[in-house]
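Here's a quick briefing to read with the model open beside you. Take it topic by topic, and click through the residues as you go.

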Amino acid sequence: MENMTWNQKVVKKNNKALVLQIIREKEQISRADIAQVSGLNKATVSLLVSELLEEELTFESGPGVSSGGRRPVILHFNKEAGYTIGVDIGVNYVLCVLTDLKGTIIIEKNQLVNRTPYSGIISIIQDMIQSLINEMPSSKYGVVGIGVGVPGIVNKEGTVLLAPNLGWTNIQLKTDLERLFHIPVIIENEAKAGAVGEQQFGSGQDFQNIIYISAGIGIGVGIIFNNQLYQGKNGFSGEMGHMIIQMDGKQCNCGSKGCWEAYASEHALLAMADEKIESLESLIKLAENGDQTSKEIFKKTGNYLGYGISNIINTFNPDQVIIGNRLALAKEWMEESIQTTIAHHTLAFHKNEMQLDFAKYSKHSTVLGVSAFVVENFLKGEAKISLSELN
Ligand SMILES: [Zn+2]
C-alpha cells in the first residue's frame with residue numbers, strides 16, 4: 001500500500017471490511033458473486049480476498065455449482081480463526097463460555113456463587129477464563145476478546161456504576177480484566193447483551209423492534225429499535241425493573257418501593273414460596289408433580305410480569321416481546337397468566353400482531369450477545385486503518 005494516498009487506503013480498508021462482511025453473511029460465495037453483490041470490480045475483489053486468505057479470516061473450498069462456464073472456487077468465513085470468551089455474572093452464578101467467531105459455544109463452565117463479594121467473584125472469573133484458555137483449540141488469533149454481561153448499570157468505560165443485586169458500586173471491571181489477561185474486554189448490561197444474543201441467534205431473528213425482558217433475580221430490559229440496540233444517552237436505558245407498579249409497595253434493592261422486580265422477578269417468586277424451597281428449579285419440579293401452591297405462585301408471578309409487559313407494549317409498540325433469563329425456564333407455568341394479563345390490560349391497537357415469545361437460549365442469551373459484541377469489535381479492528389500503515 002506504499003504508493004497509495006490516505007484516501008485510497010481508507011477506501012481499501014472499507015472495501016475489505018465489506019468483502020469480509022459479505023463472506024460472513026452469505027456463508028459461501030464465489031469471488032464473482034462478491035463483485036456482483038458489493039459493486040466492486042473483480043480485480044479489486046480478488047486482491048482483497050487474497051489478503052483475507054493470507055490473514056486466515058477466509059478459506060477456499062472446491063469448485064461450486066457452475067452457471068455454464070468454469071466452476072468457481074467457493075469462499076467461506078473462517079469461524080475458527082479465533083475464539084471469544086463470554087461471561088455472564090448472575091446474582092447466584094457465573095457462566096463462562098468459549099465460542100468460535102460465529103457464536104457456536106465450544107466449551108462451557110458454570111459455577112454457583114452465593115453473595116460473594118467482588119474480590120471473590122473476580123478470582124472465580126479469572127480461574128474460569130484461564131481454564132477456558134487452557135482448553136482452547138489452537139488458532140491463528142487465539143482469544144480475540146472477552147465480553148462480560150452484568151446485571152447493573154455500566155458506563156462506556158466498562159465501569160459497573162451500580163449493580164444493586166450484586167451489592168456493587170463503581171467496580172472497574174474492564175480495567176481489572178484487561179490487566180489480568182491483556183485481551184480487549186467489553187462490559188455490557190446483561191439484558192442488553194441478552195437482547196442482542198436473541199436477535200442474532202435466537203427467537204428475535206425475524207423482528208426489527210424487540211423488547212427483551214431479562215427476568216432473573218432482578219429484571220432488566222434490552223430494547224432493539226429498528227434492528228439496533230438502543231443505548232440511551234449514556235448507555236443506561238432499559239432499567240424497567242425499577243418502574244413502579246405499586247404505590248408505596250414492597251421494598252426494592254434499589255432503595256425505592258413498589259418496583260416491578262420486587263413483584264415479578266425470580267427473587268419475588270421465591271419469596272412467595274415456602275422457605276424450604278431454595279431454587280426456581282425445585283419450584284418447577286413441584287409444579288410438575290402437580291403441587292397446586294407452586295402452580296399458583298407461578299401464575300401470580302406471571303400476572304405481575306404481564307402488568308409490566310403491558311406498560312412496555314403500550315409505550316414501545318414493539319413487533320415482539322421476548323421473555324428471557326431464568327424465569328423463561330418456567331414458561332409452561334407462567335405463559336398463560338402472562339398472556340391473559342396482557343390481553344386484559346394492553347391497548348387493542350398495540351396488541352395487534354404483537355408476538356410474545358420466550359428466549360430460545362434462556363440462560364445462554366447473554367453470553368451469546370457479549371460474544372457477538374467481541375466478534376464485531378475484533379473484525380472492525382482487523383479492518384481498521386492502522387496509523388503505522390498510513391505514515
Ligand atoms: Zn427498584
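**Quick tour of the model**

Glutamine 228 is exposed, because its relative accessible area is 55% and anything over 50% gets that label. Keep in mind that this is a predicted model.

**Glutamine 228**
- You'll find glutamine 228 in strand E14.
- Lysine 156 sits 72 residues away from glutamine 228 along the chain, and the C-alpha atoms of the two are 17 Å apart.

**The zinc site**
- Which residues hold the zinc ion? His242 coordinates through ND1, while Cys252, Cys254 and Cys259 each use SG, at 2.0 to 2.4 Å.
- The site has 4 donor atoms with angles of 104 to 120 degrees among them, and it is tetrahedral.
- Read along the chain, the zinc donors are spaced as H-x9-C-x1-C-x4-C.
- Are cysteine 252 and cysteine 259 buried or exposed? Cysteine 252 has 6% relative accessibility, so it counts as buried, the cut-off being under 20%.
- Cysteine 259 is at 0% relative accessibility, so it counts as buried too.

**Two residues with positive phi**
- Some background first: most residues other than glycine have a negative phi.
- Aspartate 248 isn't a glycine, yet its phi is positive, near 50 degrees.
- Look for aspartate 248 in the loop between strand E14 (228-229) and helix H7 (261-264).
- Aspartate 248 has a relative accessible area of 68%, so it is exposed.
- Asparagine 325 is another non-glycine residue with a positive phi, this one about 70 degrees.
- Asparagine 325 belongs to the loop between strand E15 (320-324) and helix H11 (331-345).
- Is asparagine 325 buried or exposed? Its relative accessible area is 10%, so asparagine 325 is buried.

**Threonine 159**
- Threonine 159 is in the loop that runs between strand E8 (153-154) and strand E9 (160-163).
- Its relative accessibility is 8%, so threonine 159 counts as buried.
- What does threonine 159 touch, leaving aside residues up to four places away in sequence? Its contacts are Ile153, Val154, Asn170, Ile171 and Gln172.

**Serine 282**
- Serine 282 is part of helix H9, which covers residues 280-288.
- The relative accessible area of serine 282 is 29%, so this residue is partly exposed, a label for values between 20% and 50%.

**Helices H4 and H5**
- Helix H4 (residues 118-135) and helix H5 (residues 173-181) have axes that come within 11 Å and cross at roughly 40 degrees.
- The crossing of H4 past H5 is right-handed.
- Which residues meet between the two helices? On the H4 side they are Tyr118, Ile122, Ile125, Gln126, Ile129, Gln130 and Ile133.
- On the H5 side, the residues they meet are Leu173, Asp176, Leu177, Leu180 and Phe181.

How values were computed:
Residues are numbered from 1 along each chain as its sequence is written. This is a predicted model: local features need pLDDT of at least 70, side-chain atom pairs count only at pLDDT 80 or more; totals for chains, interfaces and linings use all residues. Side-chain values use heavy atoms; hydrogens and water are left out. Donors are N, O and S atoms within 2.8 Å of the metal (3.2 Å for Na, K and Ca); water is not among the atoms, so sites may look incomplete. Four donors count as tetrahedral if all angles lie between 85 and 135 degrees; four count as square planar and six as octahedral if opposite donors are over 155 degrees apart and all others between 65 and 115; anything else is irregular. Buried means under 20% relative accessible area, exposed over 50%, partly exposed in between (1.4 Å probe, protein chains only). Axes are lines fitted to C-alpha atoms, for helices over the stretch in contact, and angles run from 0 to 180 degrees between N-to-C directions. Helices (H or I, at least four residues) and strands (E, at least two) are DSSP runs, numbered from the N terminus. A crossing is left-handed if the near helix is turned anticlockwise from the far one by less than a right angle, and right-handed if clockwise. Contact means heavy atoms within 4.5 Å.
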